[in-house]
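Trainee: Could you take a close look at one part of this structure with me? I'd like to go through it slowly.

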Amino acid sequence: MLYSAVARSYAALERITGRNEITNLLAQLLKSTPLEELPPLVYLTQGKLRPDYEGVELGLAEKLALRALASASGSEPARVYTAYVKHGDIGAAAEELLTNKGQGTLFSEALTLKRVYETLLKVARQGGSGSVEAKLRELASLLNDASPLEAKYIMRTITGELRLGVADYTVLDAAATAFLGGKDARPIIERAYNVHPDLGFVVASVASRGLAGVEEVKVEVGVPIRPMLAERLSSAQAIIEKMEGKVVAAEYKLDGERLQIHRDGDGVKLFSRRLEVVTSHYPDAVDLVREHVGAKKAILEAEVVAIDEDTGEYLPFQELMHRRRKHGIQQAMADYPVALNFFDILLAGASDLTGKPYSFRRRKLRQVVEETSRTRPVPSLSTSDPRDLEKFMEDAITDGCEGLVVKDPNSPYRAGAREFAWIKLKREYRSELTDTLDLVVIGAFHGRGRRAGSFGTFLLGTYDSARGVFTSVAKVGTGFSDEDLAKFPRLLKPYESHVRPPGVESKMVPDVWFRPHLVIEVIAAELTLSPIHTAATGRIRPESGISLRFPKFTGKIRDDKRPEDSTTVDEIVGMYQRQVKRVD
Ligand code: ATP
């Protein structure tokens, strides 16, 4: 398949905004793609090269991308930079520069989808020192053979800025439309995607074997399952009411990192909440699983928590961050020991347990997890009495937990869903008006005084999942330690952008923009309507967005979350409405 056909479809996708239109166009594109090229097409259309959980990252730094463009277009770096700033988009800059260059008499080979994909994959996999020049050569050669329109999309892809507004679920709809004649089968395809979150694989399964192809998709050791998430309510009473007075299973909500543990014999793989492989951070957890889990083949979920070895007490989440390193892990293991608190089991032996009720899975968990000082099923209480829940909440807080997760004992494991089958109850809900929010750093303002030379405040965004964009929601300057202030510029540097990144909506203009990447946790006194911030514009009142009052950084960098996993606009609207109700 020629890449020009793909580029033309991208251009058409950009011109339309209606969800149905996007789905139909994408469905046509899928239909016209040969089976073996469907996975590459699907990954590329989402600006990726492989499913997220394989961790193949493209996102080339702005500087390198501009160099490749200069080389391919034969333009001076200053000219490339001017075009970039003028358009505010590296893709449009590439299109202009290559149009001006003209392909002339030079013979150039028509680009195929396969070549573009394989070159980008090669570039992404080239690591280590000295590889910059090699990457540049590969990219420049690709761009040399590209038409201006093709170059536009290649540049956006390599910088991680191809935002066509094609969400995962739109691709699933398009696959249903293209190969199953309509969207009715979407829930079945969606289930397959939630238990095997590789869109390329799922779309190719539908295309090759129809509905049967996706019905057969099973939970598999080694392929992470999209995590089930919790809704939030602010009191024990509200939770029992929501659960219609039924007996619930309340569990400690530990303040650590979520691990999805895949075990096959001695082989153990650990996935984070965002489904990245984090096995190397926790060699001790791997040993704990081998020694204290009684199922040789299993998928389990646990919260890994740093503990004080002498007292057995839980330590805050920040302590775990010392384990996120490439070198010196032996020392870090000795300095920051951990315990595993198991809270779910999704596969045991040959049995997929995701369809079983929670009470069944919990019993199974108790059977397979040995209780030791480092491993245990998370403490749990069955009750339908709000007073018992209150009391259990106090115990949880005293034991160093964040609060409770209250679960419906009859609920299956709903991969990828945030529903009221799990409800979290945190301490913050009671003293403050809102929950903590996980927000994306989209910009920063230079600091003054003690903060001169660093950033003083940060502009934060929230994810609008319906539109696939990040909207501004707050400016935060408090809660940062000196250590944080020293660290943030370094963490953010690779994502710096001289222009407002595509997919970011903000009326406020910071000194420096960042491509959405870093997620931080913030607490605030309340949510207010705001004419300045763009989050949820028009959802509560026309012309107004929602923003945070007195936001404060909690000290937690949520690198277990992708920017798309940050608190969404829909959640913020929900929190705002609940807050208003409480004030009434
Ligand atoms: P938060 O920001 O509150 O940690 P989140 O957005 O990461 O929430 P939620 O689904 O809202 O995810 O809350 C559930 C999280 O709580 C899980 O991802 C897990 O890491 C953690 N957790 C701790 N204890 C439990 C438990 N007993 N059952 C389920 N999740 C638990």
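Which residues do ring pairs link into a cluster?

Mentor: Happy to, and keep in mind that this is a predicted model. The cluster is made of F455, F458, F480, F488, F514 and F553, linked by ring pairs. For context, the count of aromatic pairs comes to 14. Let's start with F455 and F458: their ring centres are 5.8 Å apart and their planes meet at 75°, so this pair is edge-to-face. The cut-off to know here is that planes over 60 degrees apart count as edge-to-face. Now check where these two sit. F455 has a relative accessible area of 8%, so F455 is buried. F458 is buried too, because its relative accessible area is 0%. For both, the step rests on the rule that buried means under 20% relative accessible area.

Next, go to F480 and F488, which also belong to the cluster. These two form an edge-to-face aromatic pair, with 5.5 Å from centre to centre and 85° between the planes. Both F480 and F488 are buried.

While we're on rings, have a look at two lysines. K556 has its charged end over the ring of F317, 4.8 Å from the ring centre.

Now move over to the ligand. There are 20 residues around the ligand, and the ones that come nearest are A230, E303, K407, K424 and K561. Take K407 from that list: an N or O atom in its side chain is 2.9 Å from a nitrogen atom of the ligand. E251 also reaches a ligand nitrogen atom, with a polar side-chain atom 2.9 Å away. With Y252, look at the backbone instead, where a polar atom is 3.0 Å from a nitrogen atom of the ligand. The space that the ligand takes up is the largest cavity.

So, to go back to your question: find F455, F458, F480, F488, F514 and F553 on screen, and you have the ring cluster.

Key: Residues numbered from 1 in each chain as written. Predicted model: local features only at pLDDT ≥ 70, side-chain atom pairs only at ≥ 80, totals over all residues. Heavy atoms only, no water. Phe/Tyr/Trp six-rings, centres within 6.5 Å; stacked < 30°, edge-to-face > 60°. Buried < 20%, exposed > 50% of the residue type's maximum accessible area, 1.4 Å probe, protein only. Lys NZ or Arg CZ within 6 Å of the ring centre and 35° of its normal. Near = heavy atom within 4 Å. Polar contact = N/O pair within 3.5 Å; in protein donor to acceptor, adjacent residues only side chain to side chain. 1 Å grid on protein atoms, 1.4 Å probe; cavity = no way out; pocket = protein on both sides within 12 Å on 5 of 7 lines; lining within 4 Å. Sits in = over half its atoms within 2 Å of the grid points.
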